[in-house]
Amino acid sequence: MTRGWPKATLPLAAAGLAAAPWVHSSFGPAVTLIWLQLPAYLIHQYEEHGKGRFKQYANRLYGNGREVLSDEAIFLINTAGVWGLDLAAFLAAVTMGPGAGLAAVYLSVLNALSHVGATVRMGGGYNPGLWTSLVVFIPLGVHTLAEAVRRGWATPAEHVCGLTLAVGIHAAIVAHVIRKRRSAGSSA
């Protein structure tokens, strides 16, 4: 299960996109933009994790060939961390208002910026997840954040809260990799 989950992301993304008209008619355009973060992330996860691409990339780059991201960690990060956050953000947007769901948007945008940053840091080249970051996450995220500001459906505090949650998740992942890297280095 911890290895085969990326195969489920495209069918799940298709189901999420198919549900978007219902979400729109039931909850309106702002909540729909929050909802769309999940299918967008599912498409991204297929590019990033299909055939173990990101695990191989991260372990080569950050672990010098040692395992700093296991199949289990990747599964937990992407299901509980991403799917869980995106679903919780959607439910918060439905029950408390769209601004309460901004963590899902900031999670996607920060992830995209980390892929772009990795490409710049490495002097160019591809990293798993870069294309969907550029083509899906950045346009959808920027549009959603611009609509939140333009239409006033999120308070500054909701922006700060959403950004803080997204930064916290990314920081936890980085801390995990650093801890595993140190652990792998001390056992060598």
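**Reading salt bridges and a surface patch**

Q: What separates glutamate 147 and arginine 151 in helix H7?

A: About one helical turn separates glutamate 147 and arginine 151, because they stand four residues apart in helix H7, a helix being a DSSP run of H or I of at least four residues, numbered from the N terminus. This is a predicted model, in which local features need pLDDT of at least 70 and side-chain atom pairs count only at pLDDT 80 or more, while totals for chains, interfaces and linings use all residues. Residues are numbered from 1 along each chain as its sequence is written, and side-chain values use heavy atoms, with hydrogens and water left out.

Q: Which residues form a salt bridge with glutamate 147?

A: A salt bridge is a side-chain nitrogen of Lys or Arg within 4 Å of a carboxyl oxygen of Asp or Glu. Glutamate 147 forms one with arginine 151, where the closest N and O atoms are 2.6 Å apart, and its side chain also meets that of arginine 150 in a salt bridge at 2.9 Å, N to O. Glutamate 147 and arginine 150 both belong to helix H7 (residues 130-151), where they are three residues apart, about one turn of the helix.

Q: Is glutamate 147 buried or exposed?

A: Relative accessible area decides this: buried means under 20%, exposed over 50%, and partly exposed in between (1.4 Å probe, protein chains only). Glutamate 147 is buried at 12%, whereas arginine 150 is exposed at 57% and arginine 151 is exposed at 54%.

Q: How many salt bridges does the structure hold, and which parts does the pair of glutamate 67 and lysine 55 tie together?

A: The structure holds five salt bridges. In one of them, the side chains of glutamate 67 and lysine 55 meet at 3.3 Å, N to O. Glutamate 67 lies in the loop between helix H4 (53-62) and helix H5 (71-96), and lysine 55 lies in helix H4, so the pair ties together parts that are twelve residues apart in sequence. Glutamate 67 is partly exposed, with a relative accessible area of 41%, while lysine 55 is buried, with 18%. Salt bridges also link Arg3, Lys55, Glu67 and Asp71 in a network.

Q: Which residues form a nonpolar patch on the surface?

A: A nonpolar patch joins side chains of Val, Leu, Ile, Met, Phe, Trp or Tyr within 5 Å, from residues with over 30% relative accessible area and no salt bridge. Here Tyr126, Trp131, Leu134 and Val135 form such a patch, with about 430 Å² of accessible area together (Shrake-Rupley method, 1.4 Å probe). Tyrosine 126 is placed in the loop between helix H6 (102-121) and H7, and it counts as partly exposed at 40% relative accessibility.

Technical notes:
Helices (H or I, at least four residues) and strands (E, at least two) are DSSP runs, numbered from the N terminus. Patches are made of residues with over 30% relative accessible area and no salt bridge: like charges are joined within 9 Å, nonpolar side chains (Val, Leu, Ile, Met, Phe, Trp, Tyr) within 5 Å.
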